[in-house]
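Me: I have a model open and want to learn how to read it. Can you take me through some features, one at a time?

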Amino acid sequence: MVDIATRVYNHKWKIDPIVRSLIDTDFYKLLMCQSVYRNKPDTTVAFSLINRSKDIRLAEMVDEGELREQLDHVRSLSLSRGESTWMRGNMFYGKRQMFRSDFMEWFENLRLPAYHLEKHDGQYELSFEGSWPEVMLWEIPALAILMELRSRAVINSMKKFELQVLYARAMTKLWEKIKRLQPLEGLKVADFGTRRRHSYLWQDWCVQAMMEGLGDKFPGTSNCHIAMQRDLEAVGTNAHELPMVYSALANTDDELAQAPYDVLRDWQDEHDGNLRIILPDTYGSKGFLDRAPDWLAGWTGIRIDSGDPATGAETAIDWWLSKGEDPTQKLVIFSDGLDTDKIIELHQQFAGRVRTSFGWGTLLTNDFRGLTDGDSLAPFSLVCKANSANGKPTVKLSDNPNKAMGPDEEIARYKRVFGVGAQEKMDVLV
């Protein structure tokens, strides 16, 4: 096992590029990329980085030259022979050759497109624009780079034994969380922590700790590179990006109202089983389910990614019952801001009512809260989202209005079209 503290101290990270591979990304990103490559390859999309935690002034902490060096390194990466073999020949969700030959040939020749970087008011303005299948693959590397450069900026001033103590305390903290989860019968909790991890080495350590501490209760990791290296399942389905872009491409209100379901119709053409997971909250979960076509009720489950998670699960249960479905056979995946207490609470609350699974993200792979002076390594909320498609703005409403994105006039239009009423604001922690 890597001695993380010694490696940090001896090499000052120079031997460790932050992003080591084009598959050092979330599995759902590759699944979505194939869907986009098949269905919307000529769409031009722009992405931008958004730091929701304005008190973390990244441009004052992170050296621009080092940031550019890491971004340029990602642009030099291409799929290795072993990575291509893993994607082409491995079994994902019980299916071989999930990635089609035409997509793999395109991916094997891909280099990520150019980026645009500026500074403004203590923050970096990092953006990407181009062909949707290409620029969408910048999201996870961009987030991982900024998160880890911030970690390195804090750690760079620490001495050898200070680093040893820091990582010993972080390891103990995580292991105590794992021990609390061990007694839960039927628990399934996966690693969803790539985008806001403390570092690649730390995420890899967290995954190994989960493997040893939870065994079969740990179904896998969303990080494809770590899944390949550790012989684990790569897990993930789809994200808000798809309905946001499809909706931006709509020309009328009727087309806009239909767009989120068009996404899932395209998805259904490619995937079955546990990949048929609905993400309903892009424009309000309740309204989405109230208007959903009957065929969606037959899907495997739902992912709850904003708002109060218990309320979201209850809404899903009521919807399944109204459609004549048995909720005990359905899967609810919780994935928003989870930590041990909430995982335990939700697992116990819904035991026997639905099948539950948990995507544990930032507070698995980046919980250094309380371990440094001034809490300088506490995680913060950084996102990279599509903000336009073919020149038209994208919108996200969410079940938590504090996560809403888009121009005010478009947000108002989307609320009208999707019938979104009053919403409860919740703090966005990670």
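Me: What covers the buried residues of H6?

Reply: Keep in mind that this is a predicted model. The cover includes helix H2 (27-39), helix H5 (81-89) and helix H7 (132-135).

Me: Which residues of H6 are buried?

Reply: H6 spans residues 101-108, and Phe103, Met104, Trp106 and Phe107 are buried there. These four cover an arc of only 160 degrees around the axis, which puts them on the same side of H6.

Me: What is the general idea behind that?

Reply: An α-helix has 3.6 residues a turn, so residues three or four places apart point the same way.

Me: How do I read a strand pair? Where does S4 find its partner, and in which sense do they pair?

Reply: Start with the general idea. In a regular strand the side chains alternate between the two faces of the sheet. Now the case here. S4 (residues 116-120) pairs with S5 (residues 123-131) in the antiparallel sense, over five bridges. Leu117 stands opposite Leu126 in S5.

Me: How many residues lie between the strands of that hairpin?

Reply: Two. Asp121 takes a positive phi near 50 degrees in this hairpin.

Me: What is the strand order of the open sheet?

Reply: The five strands run S4-S5-S1-S11-S12, with antiparallel pairing. S4 and S12 (392-393) stand at the edges with a single partner strand each, so one side of each has no neighbour in the sheet.

Me: How many bridges join S11 to S12?

Reply: Two bridges join S11 (residues 382-389) to S12, and the strands run antiparallel. Ser388 stands opposite Pro393 in S12.

Me: Which strands does H8 lie across?

Reply: Helix H8 (residues 139-155) lies across S1 (44-51), S5 and S11. Its angle to S11 is about 145 degrees.

Me: What does UniProt place at residues 23-146?

Reply: The unreviewed UniProt entry gives "domain: Nicotinate phosphoribosyltransferase N-terminal" for that span. In the model, residues 23-146 are 48% helix and 21% strand. The end C-alpha atoms of the span lie 18 Å apart.

Note on methods. Residues numbered from 1 in each chain as written. Predicted model: local features only at pLDDT ≥ 70, side-chain atom pairs only at ≥ 80, totals over all residues. Heavy atoms only, no water. Buried < 20%, exposed > 50% of the residue type's maximum accessible area, 1.4 Å probe, protein only. Arc of directions from axis to C-beta. Contact = heavy atoms within 4.5 Å. UniProt positions renumbered as here; feature names shortened; annotations may be inferred. Pairing = 2+ DSSP bridges. Axes fitted to C-alpha atoms, helices over the stretch in contact; angles between N-to-C directions.
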